[in-house]
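Please bring up the sequence and the coordinates on the screen.

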Amino acid sequence: MTHDGWSRRDMLRRTALTTAAVLGGAMALSACESTGGSGGKDALQAAKDAKVIRIGIANEAPYGFADSSGRTTGEAPEVARAAFTELGISALQASVVPFDQLIPALTAKQFDVVAAGMNITAKRCQAADFSAPDYSALTALLVPKGNPQGVLKLEDVAAKKVKVAVLSAAVEKGYLTGAGVAEDQIQTLDTQDNMLRAVADGRVYAAALTDISLKWLVKQNPGAAVEVTPGFIPMADGKPVISAGGFVFRKEDDTLRVAFDAELKKLHDSGEWVKIASPFGFDESNLPKPDVTTEKLCTA
């Protein structure tokens with residue numbers, strides 16, 4: 001039996017993957033006692049000595065997730081793997097945490113870096129420090145095939161008063177309310193798959209996320225009767241909102257962040273970043289422009 005392009009096998013496979021990822025996260029958390037104790041060393045030296053860096057992911061493709069073999073992958077873990085390898089840290093140890101708990105878990109020292117494609121925002125910068133921007137992305141909408149309502153941007157959602165889904169703790173809800181979308185039009189969901197189902201089932205008309213995420217979602221679900229609108233830059237107070245994601249560090253771990261930033265820059269400048277990120281739907285257009293800086297994003 002199928003349901004709008006998802007077979008029961010797909011459902012079981014995804015459930016198994018999520019379970020494996022959560023179990024892997026639990027194992028990583030339990031291992032923190034052996035790898036997390038720094039003995040007075042800073043986080044960079046502790047990771048170098050252990051040859052392991054502990055990362056937090058939210059199990060959201062294509063940014064950070066467990067593949068069918070249980071291996072941690074995605075754009076952010078693969079970029080982190082390349083950067084930390086150059087620092088003499090050869091292994092990643094991943095913990096799976098709900099997206100809205102990633103920064104609290106980081107500050108609680110359950111891991112040392114958030115590698116989940118997290119958008120750099122002023123509010124988040126108050127709680128933790130971000131790397132240099134890793135990537136930039138446009139916003140898009142997931143809509144029913146054919147887009148009968150002609151909804152192409154956030155202002156259309158407001159004008160046509162259609163229901164729209166967003167991910168919990170994601171920046172898109174703020175973009176929507178800033179565009180005049182009423183709170184009662186917005187439904188918050190916990191996973192990308194649930195957003196896809198909500199649109200396909202007609203429970204909401206649209207779902208808002210980065211164009212990278214939505215294109216990946218549709219690619220993984222070719223039978224779903226949905227499509228992705230062209231990407232756009234959302235507006236806030238009449239000004240464009242630049243969306244850029246990065247890696248997140250504790251405020252006291254400057255040495256680790258600075259060393260990582262140096263390696264991230266090398267990956268960007270050499271073209272290696274594009275090679276690493278392209279399997280996950282990124283390309284050269286997602287490289288942050290020189291004027292897109294963490295300092296600006298943290299004070300926007």
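Valine 164 sits opposite isoleucine 186, which belongs to β12. Keep in mind that this is a predicted model. The strand pair around that position is β11, residues 164-167, and β12; the two run parallel and are joined by 4 bridges.

Where does this pair sit in the sheet order? The sheet is open, has 5 strands with mixed pairing, and reads β12-β11-β13-β10-β14. The edge strands are β12, residues 186-189, and β14, residues 226-228; each has a single partner strand, so one side of each has no neighbour in the sheet. On average, and ignoring direction, neighbouring strands here are turned by 30 degrees against each other.

Now the helix on this sheet. Helix α10, residues 211-220, packs on the sheet and touches β10 (139-144), β13 (206-210) and β14. The direction of α10 makes about 120 degrees with that of β13.

Next, the side chain. Arginine 250 is located in the loop between β17, residues 243-249, and α11, residues 254-270. Is arginine 250 buried or exposed? Its relative accessible area is 5%, and the cut-off for buried is under 20%, so arginine 250 counts as buried.

Which backbone oxygens does the side chain of arginine 250 reach? One is that of phenylalanine 111, at 2.6 Å. Another is the backbone oxygen of leucine 106, which lies 2.9 Å from a polar atom of the arginine 250 side chain. Setting aside neighbours within four places in sequence, arginine 250 is in contact with Arg54, Leu106, Thr107, Lys109, Phe111 and Asp112.

Definitions and conventions:
Residues numbered from 1 in each chain as written. Predicted model: local features only at pLDDT ≥ 70, side-chain atom pairs only at ≥ 80, totals over all residues. Heavy atoms only, no water. Pairing = 2+ DSSP bridges. Axes fitted to C-alpha atoms, helices over the stretch in contact; angles between N-to-C directions. Contact = heavy atoms within 4.5 Å. Buried < 20%, exposed > 50% of the residue type's maximum accessible area, 1.4 Å probe, protein only. Polar contact = N/O pair within 3.5 Å; in protein donor to acceptor, adjacent residues only side chain to side chain.
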